[in-house]
Structure formats: C-alpha cells, structure tokens
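Please open the model in your viewer and keep the selection panel at hand.

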Amino acid sequence: MALEAKSLPKTSGWYRLSDHKGAPLAYGLFDKGSDLAFRVFSVGTPKDPVLDVSNRLSRALDLRKALPSEGTTGFRWVHGEGDLLPGLIIDVFGGTAVIQFDGLNLSRVWDLDTITERVLSLLPSLDRVVLKPQSGKGEARLVAGTGDQQ
C-alpha cells in the first residue's frame with residue numbers, strides 16, 4: 001500500500017490510517033519526511049493507547065526479566081516494532097535506562113514524560129533515565145534521576 005502525497009498530514013503525529021473508502025485500517029505514527037512514513041501501532045483504533053503503551057512496556061520487560069543478573073547488567077528492553085512500540089528503543093545499562101526514538105520526528109510524537117514515568121515504575125532499581133537522540137543529531141540529556149549519564 002502506498003500513501004498518497006495529497007492525503008498526508010502536514011505534521012508528524014498519531015493518526016488513523018484508512019483505506020480509499022474511509023474504512024479504518026490501522027492506528028500509528030506518521031513521521032513526516034521519514035522513509036518509514038507510517039508505523040503501525042495497532043490494527044484498527046485502540047481503545048486506550050496510553051494503557052496499551054504501558055502494557056507493552058511491561059510485556060517487553062517480562063520477556064527479558066532474566067537478563068539482568070550478576071554477570072549481565074546491560075540489555076535492550078524495548079526493540080521498537082518487535083515489541084509493538086514502533087520507533088521506540090530502550091536500553092538498560094546498570095542503573096541507567098537510555099531511551100531513543102528511531103525516526104526523524106518521533107521524539108516529538110511519543111510522550112517522553114509518560115514513558116519515563118512508566119520505565120521508572122517498572123524498574124525501580126534505576127537511578128536515571130537518559131534521552132539519546134539519533135546518531136549525530138545532538139547531545140544525550142538526563143530526563144530523570146541524578147548523577148553521571150554513563
């Protein structure tokens with residue numbers, strides 16, 4: 001399926017994708033100017049996207065709960081589309097969670113505060129959360145916690 005230029009939104013954001021007759025197909029992220037213009041979050045329209053994100057973060061952590069151990073303290077918690085969280089990557093290094101958005105404008109679309117709050121509630125052992133921009137697009141910044149960004 002191709003997205004028609006005349007029907008594209010003017011800004012990046014969360015949108016419903018419909019067929020040529022207007023029937024809803026999917027709900028997801030439109031990333032204006034990206035090669036991956038639309039990333040599917042759900043088929044149809046979700047009843048509560050915020051709850052879905054929270055549940056998907058929990059499910060992703062449950063899948064990897066055996067990874068943090070005495071010998072292994074770093075792991076990828078969220079694998080974007082693989083965890084049904086398109087364009088969202090979260091890595092954990094000891095007491096630091098590093099959030100990254102894989103898309104030109106996704107940092108403006110995803111709600112960083114909500115994600116950070118949920119990350120800290122699911123892994124209370126974390127000392128800090130850092131936002132890392134896409135490669136070469138700026139400096140990492142501390143969004144929660146204290147101390148060095150490591």
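Select α1 and colour it by burial: Val53, Ser54, Arg56, Leu57, Ser58, Ala60 and Leu61 are buried, where buried means under 20% relative accessible area, exposed over 50% and partly exposed in between, with a 1.4 Å probe and protein chains only. This is a predicted model, in which local features need pLDDT of at least 70 and side-chain atom pairs count only at pLDDT 80 or more, while totals for chains, interfaces and linings use all residues. Residues are numbered from 1 along each chain as its sequence is written, and side-chain values use heavy atoms, with hydrogens and water left out.

Next, show the open sheet of three strands, whose order is β1-β2-β3 with antiparallel pairing, two strands being paired if DSSP finds at least two bridges between them. Because β1 (13-18) and β3 stand at the edges with a single partner strand each, one side of each is left without a neighbour in the sheet. Between β2 and β3 there are five bridges in the antiparallel sense, and Tyr27 has Ser42 in β3 as its bridge partner.

Finally, select Lys32, located in the loop between β2 (24-30) and β3; Lys32 is partly exposed, with a relative accessible area of 42%. Its C-alpha atom is separated by 7.7 Å from that of Leu104, 72 residues apart along the chain.

Conventions. Helices (H or I, at least four residues) and strands (E, at least two) are DSSP runs, numbered from the N terminus.
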